[in-house]
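Here is a short report for a reader new to this structure. Begin with the view below, then read on.

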Amino acid sequence: MSHVIRLEAVRRFYGDYKALDGVSLDIAPREFVAVMGPSGCGKSTLLNILGLLDRPTAGHYWLGGVDAALFSDGERTLARRKKIGFVFQAFNLLPRLTALENVCLPMSYAGVDAAQRRERAELLLRRVGLGAKTPRTPLELSGGERQRVGIARALANKPDILLADEPTGNLDSKSSAEILALFKELHAEGKTVIFVTHDAAIAGSAQRTMRMRDGKFE
Ligand SMILES: Nc1ncnc2c1ncn2[C@@H]1O[C@H](COP(=O)(O)OP(=O)(O)OP(=O)(O)O)[C@@H](O)[C@H]1O
Ligand SMILES: [Mg+2]
């Protein structure tokens, strides 16, 4: 298969409002793609559909050869858990859990046993440079550190595809550069990476930039 993700004429309407108005794209395995475009043009809507957090109103979403647009809620949850890691602009960590527990969480949903969860979460947190901070809760971490926990969590179930919606949108330039370096490493290791950004300099690190306007690609 020459693509890992294919969208065909995907639409997402909110009532009469066309947040996505016929989007088609092919993403090859191991591609590193940036999505740019003005506020409200549909970037998050697109990424949420790619991440199986939302479903199209119409069109096809071929994910590894099957049409995810036809998935039931349960099938979507399972496929998301297995194939996709999602990184959020606002981190979306659970505030009462430690960094370690946040990273363990997706593995517990996937049925990984407690000892393995802990071992892998420790490994991932070391990997993102937070080996010494595993017992901290999000409030005890900087923004850049929170996002690194978010990336470790996204990697918990070994997804092939990493999606990130403005992962550096809440970060200073130094933290942004660190997060970008991590994405580059993960891409070099073989992940397919798609991220949304407002920052042309950050988009410049990707292999390909796709620009959106009014619910479509330009
Ligand atoms: N749940 C919703 N109900 C109604 N309209 C929505 C909903 N979610 C998004 N929209 C609308 O769809 C359009 C696209 O939203 P989306 O969040 O995808 O934009 P975006 O490109 O990510 O913008 P930003 O750069 O500000 O994050 C916007 O006009 C938004 O108001
Ligand atoms: Mg958005």
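## Helix 3 and its packing

Helix 3 has these buried residues: Ala99, Leu100, Asn102, Val103, Cys104, Pro106 and Met107. This is a predicted model. The buried residues of helix 3 pack against helix 2 (73-83), helix 4 (114-127) and helix 5 (143-154). In an α-helix there are 3.6 residues a turn, so residues three or four places apart point the same way.

Just after helix 3 comes glycine 111. Its phi is positive, at about 85°.

## Methionine 107

Methionine 107 sits in helix 3, which covers residues 99-109. Is methionine 107 buried or exposed? Methionine 107 counts as buried because it has 22 C-beta neighbours inside 10 Å, and the cut-off for a buried residue is 20 or more.

Which residues does methionine 107 contact, leaving aside its neighbours within four places in sequence? They are Val112, Arg117, Arg120, Ala156 and Asn157. Arginine 153 is 46 residues away from methionine 107 in sequence. In space, the two are 9.0 Å apart, C-alpha to C-alpha.

## Valine 103 and the core

The largest nonpolar core holds 61 residues. Within this core, Val35, Val103, Leu125 and Leu163 touch the most other members.

Valine 103 is also one of the buried residues of helix 3. Not counting residues up to four places away in sequence, valine 103 touches Ala121, Leu124, Leu125, Val149, Ala152, Arg153 and Ala156. Ala156 is also among the contacts of methionine 107.

## The chain as a whole

The chain contains 7 helices and 10 strands. Its radius of gyration is 17 Å, close to the 17 Å from the globule rule for 218 residues, so the chain is as compact as a globular protein of that length. The C-alpha trace spans about 45 × 35 × 35 Å along its principal axes.

Of the 218 residues in the chain, 43% are buried.

Most residues other than glycine have a negative phi. Alanine 9 has a positive value, near 50°. Alanine 9 belongs to strand 1, residues 5-14. Alanine 9 counts as partly exposed because it has 13 C-beta neighbours inside 10 Å.

Phenylalanine 91 also has a positive phi, near 70°. Where does phenylalanine 91 lie? Its place is the loop between strand 6 (84-87) and helix 3. Phenylalanine 91 is buried, because 22 other C-beta atoms lie within 10 Å.

Technical notes:
Residues numbered from 1 in each chain as written. Chains lettered and ligands numbered in written order. Predicted model: local features only at pLDDT ≥ 70, side-chain atom pairs only at ≥ 80, totals over all residues. Helix = DSSP H or I, 4+ residues; strand = E, 2+ residues; numbered from the N terminus. Rg over C-alpha atoms; globule rule 2.2 N^0.38 Å. Buried ≥ 20, exposed ≤ 12 C-beta atoms within 10 Å, placed from the backbone. Contact = placed C-beta atoms within 7 Å. Core = buried A, V, L, I, M, F, W, Y, C linked by C-beta atoms within 7 Å.
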